[in-house]
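Me: Could you walk me through this structure? I'd like to start with the fold and then turn to the charged pairs.

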Amino acid sequence: MEIKLSKEVEFEGKKHTELTVDLDGLTGRELIDAEAEAFAITARPVTDIDKTYQSCVAAKAAKVPADLLFRLPARDFAKITSAVQNFLLGG
């Protein structure tokens, strides 16, 4: 899935105007790693509807650090996390 960002985001010296989020390319290991990463950030159990977990999953699918997603404009962040939630819940 190609996501055009509503505005350019600079992260670690690179400017981003879009993200390619390949949810279908994820592995089970990447979902487990995303869960561990989200737990490390929140210090609480995570679920498929947890925005932090969804962000970590999206970051794995986009091959970018989760911190990049946390810096996105709210509209873009919501669009991406909503797509991840639908993917995880089979919607």
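**Fold and charged pairs**

Reply: The protein has four helices and two strands, where helices (H or I, at least four residues) and strands (E, at least two) are DSSP runs, numbered from the N terminus. This is a predicted model, in which local features need pLDDT of at least 70, side-chain atom pairs count only at pLDDT 80 or more, and totals for chains, interfaces and linings use all residues. Residues are numbered from 1 along each chain as its sequence is written, and side-chain values use heavy atoms, with hydrogens and water left out.

Me: In what order do the elements run?

Reply: From the N terminus they run β-β-α-α-α-α.

Me: How many salt bridges are there?

Reply: The whole structure has five salt bridges, each a side-chain nitrogen of Lys or Arg within 4 Å of a carboxyl oxygen of Asp or Glu.

Me: What does Glu37 pair with?

Reply: Glu37 forms a salt bridge with Lys60, at 3.5 Å from N to O. This pair links distant parts of the chain, with Glu37 in helix α1 and Lys60 in helix α2, 23 residues apart.

Me: And which residue does Asp50 meet?

Reply: The side chain of Asp50 meets that of Arg44 in a salt bridge, at 2.5 Å from N to O. Asp50 is buried at 9% relative accessibility, while Arg44 is partly exposed at 39%; buried means under 20% relative accessible area, exposed over 50%, and partly exposed in between (1.4 Å probe, protein chains only).

Me: How much of the protein is buried overall?

Reply: Of its 91 residues, 41% count as buried.
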